[in-house]
Amino acid sequence: MRQLMQQLWNGLAIGSVYSLVAVGYTLVFGVLKFINFAHGSVLTVGAYIALYSVLRHWLPFPLAFGLSLVLSGFFAMQTEQRAYRPLRLKGAPKLNLLITSIGVSLLVENFLVVFVSADFQPFPRVMSTTPLTVAGMMIPPNDFLLVGTGLALMFALSYFVNFTLTGLSIKAVALDRDAAALMGINTDKTISLTFFIAGLMASAAGVLIGMKFNVNPYLGGLFGLKSFAAAVVGGIGSVQGAYLGGYLIGFLETLGAGYVSSNYKDGIAFVLLVLVLLFKPSGLLGKGTQEKV
Amino acid sequence: MAAKSSFVRRIGVFAVEVAVVWVVGTLFKNLLPAYPVGVMTVLCINAVLALSWNLVSGFTGQFSLGHAGFMAVGAYTSALLMMKAKWPFLPAFVAAGLFSAFVGFLVGFPSLRLAGDYLSVVTLGFMYIITAILNNTTDLTGGGLGLPGIPYKTTLPVACVTLVITLWILSNLVHSKQGRCFVAVKEDEIAAQSVGVDTTHYKILAFIISSFFAGLGGAMTGHYMMYLRPDIFSYLKTVESVSMVILGGLGSLTGSILGAVFITVLPEIFRNLATLFGGMGMVAAANFLRRGWMVFYAVMFLAIMLARPQGLLGRKELTWEGVRKRFGRFGRKAPPTVFPGPPDAVQPPNSSEGVKA
């Protein structure tokens, strides 16, 4: 029982990471209808910004965390404005956007390897690492921060998207970009804003898993892909779906690693993805759409 | 009768080509130093991989990101058949392609019913699943420690001939009725369906054929390196093939080969320049060049997508006729490099004597 509780908690912690990143995929897919393969690299960039701010004693950790959120948000916005927008305005096929986003992630990874460091760097100690014992579970303080940040950002995002005018404009653009433009919404600005929010949430996940494990140029690769699997499992385009998928994959992965075999841990997310796509291609909470001529 | 004799002639031409390439490959192998021979061998392997990716993504428009998974299947199949089951090289090599094609069928059958972007994700997922399986079947594949002692079989002639055969089969395929259906699926799936093209059938067909050649390419990789490890066949390996194809042009067979030449030879140039500068005492420049290739590669990738998304050749093919027309007479305005015809049409079948290597 205690072991199960412990596994569930671990699932919750890692699930928060997946959902934070998955939301970014889903938001961007909502407005642009393409898979942003560079989203994982925003996570890496966020982790590096926080790491170096703390490592070089430029900033205390809370400020470094905040700075990393804002700067990664701007970074994501820049990728949209420099790389995707020109293609979008040219009316290039979606495939080209996808390939370009692969190029962006390649550039970020290789840039970090060549000009920063290819090492696996542990995050400096910014908080106690002694696990607290809660109801028999051993919980490192970092995990509280992870789960707390995940939940806080989740509520902040759903408030923003559902109850503010700017947030509603994202929903409108996702629903129908042309109609939204006719209603006086500045779609380019809204798309930039979407990238900013997506980058911010990914960077929060990046800093926190950087603290949990370590920081390296390929941090965003596998985490990004699994989070993408989470977004698709939940139903891409649906914010609640992204959270559902993220926590689901987090739980299944830790339970699978705990009770079946830890060797196949990285495969579980993708097996789930394939199964969901076979039986419900639009995802658990997604609405099926029929392509029209 | 006429069609039959033309078929016989084409087979004959092809046999002569294979023989010539074999002889030239053997000559190169024996006359040139080991280093250029090695680069050329890798180049042929990469070209086969790029061609196979181009068939499914450039011609059929199905963006597969799991290509490295099929290479891994082919590489391990061939290596294990030779090492554990003591098969000779050729049957093991063909079996590697066939088994990889079978895996391609298993992956493609469910996932190709999905639209566009999902396919790339599912194939990527399958690649991770294949890697996880390879990492965990330690008794058979050596797991993460790798599989040493694979017989060295990919000599330059073998790699060249495989490339020529691949190119011949694919160029005949894309100029056939099936090939036109592939392009139709890419151009507009709904329109293709409405004129009676069974889109799912052609997508799966393209996927299976592509997996077959990816398996061959993987098998050649294994028999060249004499050592295999699951993480050789990572996502980045797929991206390498992708970059060759987009550099040369999505939907251009000779373009893929051109792209493979660039992506294989450029890092060697960087490395040699670095050694040269290092030898001359310019350590900083040498270090910069040594590491610079990775950034240059990524920047080139992005620059192509932003400035010339159709790649160097677009959908054109490099043919002897085209080269002769462009460069044959000095001072004359160059006529178009391709055959005139409908803008998206592929070339007539009898022009398959393209640049072969």
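**Exercise 1.** How many residues does the contact take from chain B and from chain A?

*Solution.* This is a predicted model, where local features need pLDDT of at least 70, side-chain atom pairs count only at pLDDT 80 or more, and totals for chains, interfaces and linings use all residues. Residues are numbered from 1 along each chain as its sequence is written, while chains are lettered from A and ligands numbered from 1 in the order in which they are written. Residues are in contact if their C-beta atoms, placed from the backbone, lie within 7 Å. The count is 31 residues from chain B and 36 residues from chain A. On the side of chain B that touches chain A, α5(B) gives the largest share, 12 residues.

**Exercise 2.** Describe how α4(A) and α11(B) pack.

*Solution.* Start with the geometry: α4 (residues 94-116) of chain A and α11 (residues 235-248) of chain B pack at about 125 degrees, their axes 12 Å apart. The pair is therefore oblique (under 35 degrees is roughly parallel, over 145 roughly antiparallel, 65 to 115 roughly perpendicular, the rest oblique). Next, list the partners: Ile99(A), Ile102(A) and Leu106(A) face Val239(B), Val242(B) and Ile246(B). By class, six are nonpolar, none polar and none charged (Ala, Val, Leu, Ile, Met, Phe, Trp, Tyr, Cys and Pro count as nonpolar, Asp, Glu, Lys and Arg as charged, the others, Gly among them, as polar).

**Exercise 3.** Now try α8(B) and α10(B).

*Solution.* Helix α8 (residues 177-187) and helix α10 (residues 199-225) of chain B pack at about 110 degrees, with axes 10 Å apart. They are therefore roughly perpendicular. Among the contact residues are Phe182(B) of α8(B) and Tyr202(B) of α10(B).

Terms used
Axes fitted to C-alpha atoms, helices over the stretch in contact; angles between N-to-C directions. Helix = DSSP H or I, 4+ residues; strand = E, 2+ residues; numbered from the N terminus. Contact = placed C-beta atoms within 7 Å.
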